[in-house]
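Q: I would like to learn how to read a model like this one. Can we take it feature by feature?

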Amino acid sequence: MIQLKIEEIKRYIRDAETQSDQIRRRGINGEKISYSEKVFSIFEEHTEWISKHKVCDAKDRFDFILYHRVMQNETDDTVAVPIILEAKERLAM
């Protein structure tokens, strides 16, 4: 049991060294860390980064999507009124 704990501690030390190295390389040296080197979780090693798009949508009271818009360099506060106007226009047909 003690040997398992020692191995676990050694793994955390290696993880800390990896993180320190990447912080130095990226933060101080300005180096870009390749995706294959990045660590997203020290507890769940299989974790991957998933990039998601921001989407704003208009739904009816039954959660049926009436209209949607993928936002690029926009925030929901800037597209809220335009998306409602566009949805109203499309549904008025």
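Q: Where is N73 found?
A: N73 is found in the loop between β2 and α2. Keep in mind that this is a predicted model.

Q: Is N73 buried or exposed?
A: Compare the relative accessibility with the cut-offs: buried is under 20%, exposed is over 50%. N73 has 86%, so it counts as exposed.

Q: Which phi does D63 have?
A: The phi of D63 is positive, about 65 degrees, although D63 is not a glycine. D63 is found in the loop between β1 and β2. With a relative accessible area of 56%, D63 is exposed.

Q: How many helices and strands does the protein have?
A: Count the elements, then read their order. There are two helices and two strands. From the N terminus on, they run α-β-β-α.

Q: What share of the residues counts as buried?
A: Of the 93 residues, 12% count as buried. The accessible surface comes to about 8,400 Å². Carbon and sulfur atoms hold 56% of that surface.

Q: What share of the contacts joins residues 24 or more positions apart?
A: Take the contacts with a separation of 6 or more. Residues 24 or more positions apart account for 17% of them.

Q: Which residues form the largest nonpolar core?
A: Start with the general idea. In soluble globular proteins, nonpolar side chains tend to be buried together. Here the largest nonpolar core has seven residues: C56, A58, Y67, M71, V79, I83 and A87. The elements that give two or more residues to this core are β1 (54-59), β2 (65-71) and α2 (76-91). The largest share, three residues, comes from α2.

Q: Which residues does M71 touch?
A: Set aside residues up to four places away in sequence. M71 then touches K54, V55, C56, D76 and V79. Two of these partners, C56 and V79, also belong to the largest nonpolar core.

Q: How far apart are R24 and M71?
A: Read sequence and space separately. R24 and M71 are 47 residues apart in sequence. Their C-alpha atoms are 34 Å apart in space. R24 has its place in helix α1. At 38% relative accessibility, R24 counts as partly exposed.

Q: Is R25 buried or exposed?
A: R25 has 11% relative accessibility, so it counts as buried. R25 is found in helix α1 (residues 2-28). Leaving out residues up to four places away in sequence, R25 touches G30, E31, I33 and E37.

Q: Where is I42, and which residues is it in contact with?
A: I42 has its place in the loop between α1 and β1. Its neighbours within four places in sequence are left aside. I42 is then in contact with R11, Y12 and D15. I42 and R11 are 31 residues apart in sequence, yet 9.4 Å apart in space, C-alpha to C-alpha. The relative accessible area of I42 is 26%, so I42 is partly exposed.

Q: What lies over the face of Y12?
A: Look for a charge above the ring. R11 lies over the face of Y12, at 4.8 Å from the ring centre.

Q: How many aromatic pairs does the structure hold?
A: The structure holds two aromatic pairs. Judge a pair by the distance between centres and the angle between planes. The rings of Y35 and F40 have their centres 5.7 Å apart and their planes at 45 degrees, so the pair is tilted.

Q: Which relative accessibility do Y35 and F40 have?
A: Y35, at 46%, counts as partly exposed. F40 is also partly exposed, with a relative accessible area of 32%.

Technical notes:
Residues are numbered from 1 along each chain as its sequence is written. This is a predicted model: local features need pLDDT of at least 70, side-chain atom pairs count only at pLDDT 80 or more; totals for chains, interfaces and linings use all residues. Side-chain values use heavy atoms; hydrogens and water are left out. Helices (H or I, at least four residues) and strands (E, at least two) are DSSP runs, numbered from the N terminus. Buried means under 20% relative accessible area, exposed over 50%, partly exposed in between (1.4 Å probe, protein chains only). Contact means heavy atoms within 4.5 Å. A nonpolar core is a set of buried Ala, Val, Leu, Ile, Met, Phe, Trp, Tyr and Cys residues joined through side-chain atoms within 4.5 Å. Rings of Phe, Tyr and Trp (its six-membered ring) pair if their centres lie within 6.5 Å; planes under 30 degrees apart count as stacked, over 60 as edge-to-face and the rest as tilted. A charge sits over a ring if NZ of Lys or CZ of Arg is within 6 Å of the ring centre and within 35 degrees of the ring normal. Accessible areas come from the Shrake-Rupley method with a 1.4 Å probe; for residues, only the protein chains shown count as cover.
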